[in-house]
Amino acid sequence: TTTATAAIATSAGDIGSGDDDAATNGAGASPVGRRRGRSSPRWGYDPALAGRNPVTGLVGIHNPGNICYMNSIMQQFYNTPTVRQGVLTLASPNGSNGSNGADHAAEALDDRQLLAVELQRMFGELALSDMQDCSALGLCENMKDWDGNPVNVAIQEDAQQFLLRFFDLMEQQVPAFKQAFGGKQHAQMIHPDATVPDFLRERVEDLMCLSLEVKNMTGVGEALDKFVEKETIDGYEWNEGEPRIEIQKRYVLGDLPDSIILHLQRFTMNMETFTTEKVNTRFEVPHELDLEPYTSEGLAWREALQRIKKEAAAAPTSDEGEGAAGEGAGTG
């Protein structure tokens, strides 16, 4: 049985809150506050910001506004061992082995390299810092959109859009991401006649994040059933020059990654009001997730077995055959 660990990345606003700023006011603010963009004297000290979480022993990521979606994703990355190891062991993009001249060297790096450097710095703080949390501002400044703008910490983005953009930027810089989360999905076109030699046609596509419908679903299992559900297409030209036919199309999983990220579509468009609405219904996530039934191979052997059973049920039994033969002989 093939299994995969599920890491959940929901749409914007589903994880965390946008107002968990741990900053303090006045002279009591920590020097780290200056690094986070807080206005505070350099000599200030706040015991509340010193020391890891006393229960878990872990370091958090400071939220200066509405980047809870990003912080939750970064924490999941850090807690994936292969990704954490891959990021922490990245070689310096400029080949330097020390901090001397680091600022001058940084000027020669492109945006993607700078983003990788900031990611490594964040992971280093999560691993070694004695503070309560670390800053995400460096990551925000170097995480650029298609227009070259950095992350606006005051605006809450869609988690999946951020995730896919991040993967695109880090594909070459941090190979560990694709090694850990990179899988395949198959787009299938199915002919109505299973006896046709190429009754099933597939196109293989890269998969870094599996998006699941949440509305009217009870949990991951039902959402996966919906994901592989067939869609009917009328008037499809299967072969050039032949009459158009009705076929079925669907998406299924191919090669499974070591860890799969499930994006829950908790935000939907209301077509009557043309406004975005959040789905807050209960959605169950199992502790163990078996994805084999939703793969190309898993569905193939199950559907082949169904066809065999259907043909066997439709075929006449031996008694029925003998009776028909006897009736024919009597008539003759």
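These are my notebook entries on a predicted model, going from the whole protein down to single residues.

**Ground rules**

I'm working with a predicted model, where local features need pLDDT of at least 70, side-chain atom pairs count only at pLDDT 80 or more, and totals for chains, interfaces and linings use all residues. Residues are numbered from 1 along each chain as its sequence is written, and side-chain values use heavy atoms, with hydrogens and water left out.

**Entry 1: the whole protein**

I looked up the secondary structure and got 11 helices and 11 strands. Helices (H or I, at least four residues) and strands (E, at least two) are DSSP runs, numbered from the N terminus. Next came burial: 36% of the 332 residues are buried. Buried means under 20% relative accessible area, exposed over 50%, and partly exposed in between, with a 1.4 Å probe and protein chains only. I also checked contacts, meaning heavy atoms within 4.5 Å. Of those between residues at least 6 apart in sequence, 67% join residues at least 24 apart.

**Entry 2: helix H2**

How many of the 11 residues of H2 are buried? I found 9, so H2 is largely enclosed by the rest of the structure. The buried ones include Cys 68, Tyr 69, Met 70 and Ile 73.

Then I looked at how H2 (residues 68–78) packs with H5 (residues 111–128): the angle is about 70° and the axes are 11 Å apart. Axes are lines fitted to C-alpha atoms, for helices over the stretch in contact, and angles run from 0 to 180 degrees between N-to-C directions. H2 and H5 are therefore roughly perpendicular to each other. For that wording, 65 to 115 degrees counts as roughly perpendicular, under 35 as roughly parallel, over 145 as roughly antiparallel, and the rest as oblique.

On the H2 side, I noted Met 74, Gln 75, Phe 77 and Tyr 78; they meet Leu 119, Met 122, Phe 123, Leu 126 and Ala 127 in H5. By class, this contact has 8 nonpolar, 1 polar and no charged residues. Ala, Val, Leu, Ile, Met, Phe, Trp, Tyr, Cys and Pro count as nonpolar, Asp, Glu, Lys and Arg as charged, and the others, Gly among them, as polar.

**Entry 3: two asparagines**

Asn 71 sits in H2. Is Asn 71 buried or exposed? At 8% relative accessibility, Asn 71 counts as buried. Its side chain reaches the backbone oxygen of His 62 at 3.4 Å. Apart from neighbours within four places in sequence, Asn 71 is in contact with Ile 61, His 62, Asn 63 and Ala 136.

Asn 142 belongs to helix H6 and is buried too, with a relative accessible area of 14%. A polar atom of the Asn 142 side chain lies 2.8 Å from the backbone oxygen of Gly 138. Not counting residues up to four places away in sequence, Asn 142 touches Asp 111, Leu 114, Leu 115 and Glu 118.

**Entry 4: Val 151**

I found Val 151 in the loop between H6 (137–142) and H7 (159–170). Val 151 counts as buried, at 7% relative accessibility. Cys 140 is 11 residues away along the chain, and the two C-alpha atoms are separated by 4.9 Å. Leaving aside neighbours within four places in sequence, the contacts of Val 151 include Ile 67, Tyr 69, Cys 140 and Phe 162.

**Entry 5: the sheet**

Which order do the strands of the open sheet take? I read off E5-E4-E8-E7, 4 strands with antiparallel pairing. Two strands pair if DSSP finds at least two bridges between them. At the edges are E5 (200–207) and E7 (231–236), each pairing on one side only. Neighbouring strands are turned by 25° against each other on average, direction ignored.

E4 (residues 183–190) and E8 (residues 245–253) are joined by 6 bridges, and Gln 185 has Leu 253 in E8 as its bridge partner. Helix H10 (residues 296–314) lies across E4, E5 and E8, running at about 130° to E8.

**Entry 6: a hairpin**

Last, I looked at E10 (residues 267–270) and E11 (residues 275–278), which run antiparallel and are joined by 4 bridges. Asn 270 stands opposite Thr 275, while Phe 267 has Lys 278 as its bridge partner. The hairpin has 4 residues between the strands, and Phe 274 takes a positive phi near 55° there.

Definitions and conventions. A polar contact is a pair of N or O atoms within 3.5 Å; within protein, one must be able to donate a hydrogen and the other to accept it, and residues adjacent in sequence count only if both atoms are side-chain atoms.
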